[in-house]
Amino acid sequence: MYDIFTEAGRKMMMDNVLQHYFFADGIQVWWLDCPEPCSRSCPNGAPFFYNSGMYPENMVGSMFPSMLIQATYEAMASVNLSHEAVMLSRSAWAGAQRHGGAVWSGDIASTFDSLAQQIRAGLNIAMSGIYYWTTDIGGYHGGDLTDPEFEELIVRWFQFGAFCPLFRLHGCRSKPSIPGNECGGTCAPNELWAYSNASQAGMEKMIFIRESLRDYVFEQYKMAAETVVPLMPLFINFPRIPTRR
């Protein structure tokens, strides 16, 4: 157990991470999953994950993932790689952008309603100042590769995802199921080639469009780091037009 809200606690944790992952294998891209933090492995220990139990969970719980992002940034800064490290976190809080943490919208449902919610979520998180943001394309929970409706959903999600600050495919598909083995079970395939030829072609098209925007995307990253957040609701850019509110 360590107190991530103290400099000594963060250093102790990240010194171990650096030793076993960075120095051993050169890893500098970090997927900070389950940073709320998850407490399923210790169901009665949740209060102690939050500031060693010094304050109630609901007072500091939202800050925990941002402190983990900060800890990772500080660790990479200690080896002079703070500007090259990539951190993708499932949660964040106001100010997390100071340490370059990217955020995705969590383990969301594979539905058209969920896709619609991501548009609102992305714009809201941008207004909070966090500009590295993304989703699980196709949603995380569910998705039957044999269902034409889901095939349309994932192509539509690619069309949205290609123009998000970060572009990534991820999810736990439900069908067709894969038998488990001695290592346990797994989700259904989610690679592009697992889908129909028509769906694969639609997704590939969006990948190539995104790649063609590489220079533009990096320009927007630079602008966001130095001045403003590029992804904003229309009423921010056009405050005098009532229909944009």
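A: The model is predicted. S1 pairs with strand S2, residues 86–89, in the parallel sense, and the pairing runs over four bridges. Within that pairing, Trp31 has Leu88 of S2 opposite.

Helix H4 covers residues 64–77. Its 14 residues should span 20 Å at 1.5 Å a residue, and the end C-alpha atoms are 20 Å apart, so the two values agree. H4 is mostly covered, with eleven of the 14 residues buried. The buried set begins with the run Phe64, Pro65, Ser66, Met67, Leu68, Ile69, Gln70, Ala71 and Thr72, and also includes Ala75 and Met76.

Next come the helix pairs. Two packed helices are described by the angle between their axes and the distance between the axes. Helix H5, residues 112–127, packs with H6 at an angle of about 10°, the axes being 10 Å apart. H5 is therefore roughly parallel to H6. From H5, the contact uses Phe112, Ser114, Leu115, Gln118 and Ile119; from H6, it uses Glu149, Glu152, Leu153, Arg156, Trp157 and Phe160. By class, six residues of this contact are nonpolar, two are polar and three are charged.

H6 also packs with H7, at an angle of about 5° and with the axes 9 Å apart. That angle makes H6 roughly parallel to H7. Here H6 contributes Glu151, Ile154, Val155, Phe158, Gln159 and Gly161, and H7 contributes Ser199, Met203, Met206, Ile207 and Arg210. The residues of this contact divide into six nonpolar, three polar and two charged.

The loop between H6 (148–161) and H7 (197–212) holds Cys172. Cys172 counts as partly exposed because its relative accessibility is 21%, and the buried class ends under 20%. Setting aside neighbours within four places in sequence, Cys172 is in contact with Tyr140, His141, Gly142 and Cys187. Asp136 is 36 residues from Cys172 in sequence, and their C-alpha atoms are 9.8 Å apart in space.

Definitions and conventions:
Residues numbered from 1 in each chain as written. Predicted model: local features only at pLDDT ≥ 70, side-chain atom pairs only at ≥ 80, totals over all residues. Heavy atoms only, no water. Helix = DSSP H or I, 4+ residues; strand = E, 2+ residues; numbered from the N terminus. Buried < 20%, exposed > 50% of the residue type's maximum accessible area, 1.4 Å probe, protein only. Contact = heavy atoms within 4.5 Å. Axes fitted to C-alpha atoms, helices over the stretch in contact; angles between N-to-C directions. Parallel < 35°, antiparallel > 145°, perpendicular 65-115°, else oblique. Nonpolar A, V, L, I, M, F, W, Y, C, P; charged D, E, K, R; others polar. Expected span 1.5 Å × (residues − 1). Pairing = 2+ DSSP bridges.
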